[in-house]
Amino acid sequence: MNGKAGPRTAGEGNTRTRLDRGRGALGPALELVHTGRAPTRAVLTAELGVTRATAGAVAAELEALGLIRVDAHPGAPAGSQGRPSHRLEVAENGPVALAAQVHADGFRAALVGLGGRIVATAPGCETVDADPAKVLGSVVEAAAELLEETGRRCVGAGLAVPSAVAEPEGLALNPLHLAWPAGAPVRQIFAERVRAAGITGPAFAANDVNLAALAEHRHGAGRGSRDLLCVATGHRGVGGALVLDGRLHTGSSGLALEVGHLTVNPEGGRPCHCGSRGCLDVEADPLAFLTAAGRDPGPEVSLLQQANDLIRTQYADPYVRTATQALIDRLGLGLAGLVNILNPDRIILGGLHRTLLDTDPDRLRAVVADRSLWGQSGGVPILPCTLDHNSLVGAAELAWQPVLDDPLAALAGT
């Protein structure tokens, strides 16, 4: 061999030229497949606004990177004419993101692939130490074991916490339900534990409801929404998030949409840890419901599961029904205020709020319509969240974002 490359065929040169032209489309193309908006190469071509040949070269490059699978011989639907377009799917055995979530009743780790698909989960822990370094060390250790067991390539890591996370430092400002110190540098601690475990790729941290909203917008009940409002109560407290034009609205420093401190019961409301009284945070979460229903929470399962189970199995009990209706009314009052300010085109509810919606959707929608200016003109769709573990999926979205922005550059570093 003389070291010189052999002559290129005409076809090889054309393919390389098309790929060079479409390299800037790799990220947008991957995001379209990731979010299910480009199930075929024909749709991908139309969405990207490129030629069929360029779309084919882009899809082939993403397949070569191990990110998607191109099915060149899909079966044609009955009665259809012409050759069916190549189908595009995320790669079943492709890379994963490490996802971690910490909440008042424990923590959990998972591996999440493209398309928001949870590949593997570690058994959840039901106790949370007051030292964030210990907790995050344990959750990363569990995730590292999953990576070793599955042999998957990891693109990065994301963490969901029940606190506002201030940017750019990544500080958990109010992790009150965790007994962590206010201002704990959770992103720095998490990143250090990820690196110590030998896991490559960037590490991120954000508020759990923000991440739930992001996951639902890309893969769940929020798909197709332009201005999406998410309100949820998981294990303790109430959180909210807003997705505008496909991006989380986090404000100037990551602290937007602290909806838990809307006042919904000013007269006889419970004292809130923020110093006010009757906030949504203490009037419409699982503990508030169990207390209103006259039930003492037990240690066997999470507060969220206890509240959900009580509504689903004992709604005929007058105390349970009255407590449920009271929470629906207070939640509706809070949602109406948010609708008046934000004018969303869709509202999605998670955690206990999803159960309240499922139990009496007409009552909740009537309260929102009666109290909101925009509700009088036709109402805003109010839907339940549809993803299991949506905060975990959203945490993975943080780690996947650099890959969606520039697949070649992101994967070169993992």
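1. Strand 9 contributes the most to the lining of the second largest pocket, namely four residues, where strands (E, at least two residues) and helices (H or I, at least four) are DSSP runs numbered from the N terminus. At least two lining residues each come from strand 9 (203–207), helix 7 (208–219), strand 12 (247–248) and helix 14 (390–405). The volume of this second largest pocket is about 410 Å³, and of its 18 lining residues E167, A206, L248, T250 and L398 lie nearest the centre. By class the lining comprises seven nonpolar, six polar and five charged residues, with Ala, Val, Leu, Ile, Met, Phe, Trp, Tyr, Cys and Pro counted as nonpolar, Asp, Glu, Lys and Arg as charged, and the others, Gly among them, as polar.

2. This is a predicted model, in which local features need pLDDT of at least 70 and side-chain atom pairs count only at pLDDT 80 or more, while totals for chains, interfaces and linings use all residues. Residues are numbered from 1 along each chain as its sequence is written, and side-chain values use heavy atoms, with hydrogens and water left out. The average pLDDT of the protein (the predictor's confidence in each residue, from 0 to 100) is 89, and 91% of the residues score at least 70. Over residues 1–13, however, the pLDDT is below 50, and this stretch has two contacts (heavy atoms within 4.5 Å) beyond near neighbours in sequence. Where pLDDT is low, the predicted coordinates should not be read in detail.

3. The structure holds one cavity of 30 Å³ or more, and the largest cavity has a volume of about 40 Å³. On a 1 Å grid over the protein atoms alone, a cavity is a set of points where a 1.4 Å probe fits but cannot get out, a pocket is an open set with protein on both sides within 12 Å along at least five of seven lines, and lining residues have an atom within 4 Å of a point. Points are joined across faces, edges and corners, and a volume is the space filled by probe spheres set on them. The residues lining the largest cavity include R117, R152 and W400, and its lining has six nonpolar, two polar and three charged residues.

4. The axes of helix 2 (residues 26–34) and helix 4 (residues 52–64) come within 10 Å and cross at roughly 75 degrees, which means that helix 2 is roughly perpendicular to helix 4 (65 to 115 degrees). Axes are lines fitted to C-alpha atoms, for helices over the stretch in contact, and angles run from 0 to 180 degrees between N-to-C directions. L26, A29 and L30 of helix 2 meet V58, E61 and L62 of helix 4, a contact with five nonpolar residues, no polar and one charged.

5. Helix 12 (residues 352–359) and helix 13 (residues 361–371) pack with their axes 5 Å apart, at an angle of about 105 degrees, and are therefore roughly perpendicular. Here L357, D358 and T359 in helix 12 meet P361, L364 and R365 in helix 13.

6. Two backbone features deserve a check. E167 and P168 are joined by a cis peptide bond with omega of about 10 degrees, and P168 is in the loop between strand 7 (165–166) and strand 8 (171–172). L257, although not a glycine, has a positive phi of about 65 degrees.

Technical notes. Angles under 35 degrees count as roughly parallel, over 145 as roughly antiparallel, 65 to 115 as roughly perpendicular and the rest as oblique.
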